[in-house]
Amino acid sequence: MKYVEEFNDPQLARRLLDEIHATVTRPWAMMEVCGGQTHSIIRHGIDQLLPDEVELIHGPGCPVCVTPLEMIDKALAIAARPDVVFCSFGDMLRVPGTGRDLFRVKGEGGDVRVVYSPLDALEVARREPDKQVVFFGIGFETTAPANAMTVHEARRLGIDNFSLLVSHVRVPPAIDAIMRAPDCRVQAFLAAGHVCSVMGVAEYPELVERHRVPIVVTGFEPLDILEGVRRTVRQLERGEHRVENAYPRAVRERGNPAAMRMIEEVFEVSDRAWRGIGVIPDSGWRLSDAFRAYDAEYRFDVGHVRTEESGECRSGEVLQGLIKPNDCPAFGTSCTPRTPLGATMVSSEGACAAYYLYRRLEVTPVG
Amino acid sequence: MADTEAVLDPANWSCPLPLRDHPVVVMGHGGGGALSAELTEHLFAAAYGNDTLAALTDSAAVELGGARLAFSTDSYVVRPLFFPGGCIGDLAVNGTVNDLAMSGARAAFLSTAFILEEGVRLEVVGRVAQAMGAAASAAGVTVATGDTKVVETGHGDGIYVNTSGIGLIPAGTDIRPQRATPGDVVIVSGPIGAHGVAVLSVREGLEFGSDVVSDTAPLGGLVAAMLAVTPEVHVLRDPTRGGLATSLCEIAAASGTGVVLTESAVPVPDSVGAACGFLGLDPLYVANEGRLVAFVPPQHADAVLDAMHAHPQGAGATVIGVCVTDHPGMVVARTALGGTRVVDLPLGEQLPRIC
């Protein structure tokens, strides 16, 4: 596929790796923000090929992983109602809430449907006017414009039986929170390319200055990631801290103005709880007052939903890069994708699942 | 952005209780992965308890009146009923024919059972039956018996089809996953992933423009051509639900050997790779309906490969890996960049990722 195949080329990868090896002189710890990057790094074995000095810390950018338990439980309560068609992206279905997941609700008779675009959920609402259709609007800046668009369109078309259960999160406040944590070891960030394709890079210079860390906008194919690492190492070795765009084929400095306008019209910035981490101020979006009527939390009485987290898993530390997944005693024993203790073990973008799937046994390299 | 004080208190980081059990059937129980395997092993095999079933092969090898027969059954619930390259009818014939072929057998007789939903147009049922007839004829198998039931509107998905089949296992062959041996060469008969992508491309709510057509095809002829070279083919498997990765994991587990997969050698058509890319699926886990994976002793590998290339269903056959003594029971992929990773059994159905 054009723009993908070229960025998998083993010869070019070798050249970038050689340059990284030649540049690095001492240990550096950098965080790839996005779960899609984590997935790609582990799937292609990129971390095995980097110099020992370069440590990749896996960041909190997996939307499935950071959606708070309370929101999952609200989703489960709404999805179980007989009058509701509950639409969601596929990988939310297996995220454990308190005692069950959406698959279980579906198995017990709930009308839970996987959609690939949030606008498909709106179409369901149009076709089934006697049902209440709810879309689980989660994710980072990447999914926010399309989710905002559903509400915009619902109002424009007068589709009143549609609502959005919103749990949107924003990357820059999370970067800020990670840098403020007392145990923080992160010295640089590979910023999430798709997030920046929507939002541009305007939010980053302030973070770069405040925390004196390089932030390099990075893509997802192997060569994209290696180029991001190469530029980050170069900045670190030179003692620089700048915003760089290593994903120019997708990211413009100004982002996508139409998408940003849509977000601004429909959402407003709010505090948001991150699963395993806690509340980060201003780190999310909720529907603005003008669109409150389309907020599933208001439409359905789920204010009473109380959640219970157990203290067994350490995904909070994993999400902040304080430990690697396999440092957790539960990893691969009591916690597997079959029996996830935490959401990081559910999605293949979650660091724990990526480690379990691809690194369960560090085997002797072959060939 | 406001100057914020983030709440990051490690003492309060916590996670939910696990969901260890599914007290009700969930879709993953039919996904061909770990949940399916648990259901079969712990609920069904435990109830029927016998050695033939316990082998858990695509088709059972049974002896009857001095003959060695392969015997298999499969139900088809594909949605939509018609998809690029085929329909539920030819799928139902080829699926069972291929399950039998994975024991080395040429399918001889099939049964077919239809569960029809009230209200389905007879013209649609007729088209499915015609497709089954044509597929049976192409595979050289006789549909010898059948059954029809009708359920009320809303109790079915239009048409469900079950087929069962029997065929003779050629003398001198012993093809089963337990026979994979270190040194065996791993061959796939052609490009992977076309069937799963073709069906997804026309599924309601997901339609996307694609020129991918299903690879549904009978494999009995190809298997016969391979066995004509040598009866010493150790393992055959058709990587349907769960895809190539699942088949390899099952073979590694059953035989207690390791499998090294050379990722760059696995043939994935560009269009399949592109569709998987934007759906967030891994082609290694996407269903095939006209492909097989073979474990062949190294001394026979070239000749078997030649025989495959000479057959229309094996024209794209290629070596994708090797069976090893390292990491017993586990499949390890060597990535194009030179790294390695574990290839695991999927839990249930693949879940399209969010972004």
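**Entry 1: a helix pair in chain B**

I began with two helices and saw that α6(B) passes α9(B) in a right-handed crossing, which is the term when the near helix is turned clockwise from the far one by less than a right angle, anticlockwise being left-handed. The contact is made by L222(B), A225(B), M226(B), A228(B) and V229(B) from α6(B), and by H300(B), A303(B), V304(B), A307(B) and M308(B) from α9(B). Contact here is C-beta atoms, placed from the backbone, lying within 7 Å. I sorted the contact by class and got 9 nonpolar, 1 polar and no charged residues. For the classes, Ala, Val, Leu, Ile, Met, Phe, Trp, Tyr, Cys and Pro are nonpolar, Asp, Glu, Lys and Arg charged, and the others, Gly among them, polar.

I then noted the geometry: α6 (residues 220-229) and α9 (residues 298-309) of chain B pack at about 145°, with axes 9 Å apart. Axes are lines fitted to C-alpha atoms, for helices over the stretch in contact, and angles run from 0 to 180 degrees between N-to-C directions. Helices (H or I, at least four residues) and strands (E, at least two) are DSSP runs, numbered from the N terminus.

**Entry 2: what kind of model this is**

A reminder to myself: the model is predicted, local features need pLDDT of at least 70, side-chain atom pairs count only at pLDDT 80 or more, and totals for chains, interfaces and linings use all residues. Residues are numbered from 1 along each chain as its sequence is written, while chains are lettered from A and ligands numbered from 1 in the order in which they are written.

I looked up confidence for chain A: mean pLDDT (the predictor's confidence in each residue, from 0 to 100) is 89, and 95% of its residues reach 70 or more. Over residues 363-367 of chain A it stays under 50.

**Entry 3: covered helices**

Next I checked α16 (residues 351-359) of chain A, and 9 of its 9 residues are buried. Buried means 20 or more other C-beta atoms within 10 Å of a residue's own, exposed 12 or fewer, and partly exposed in between, with C-beta atoms placed from the backbone. These residues pack against α2 (35-43), β2 (54-61) and α15 of chain A, together with β14 (340-343) of chain B.

In chain B, 14 of the 14 residues of α3(B) are buried, so this helix is largely enclosed by the rest of the structure.

**Entry 4: one asparagine**

I finished at N162(B), in strand β7 (residues 159-168) of chain B. N162(B) is partly exposed, with 18 other C-beta atoms within 10 Å. Beyond four places in sequence, N162(B) touches T73(B), S75(B) and A113(B).

Definitions and conventions:
Two residues are in contact if their C-beta atoms, placed from the backbone, lie within 7 Å.
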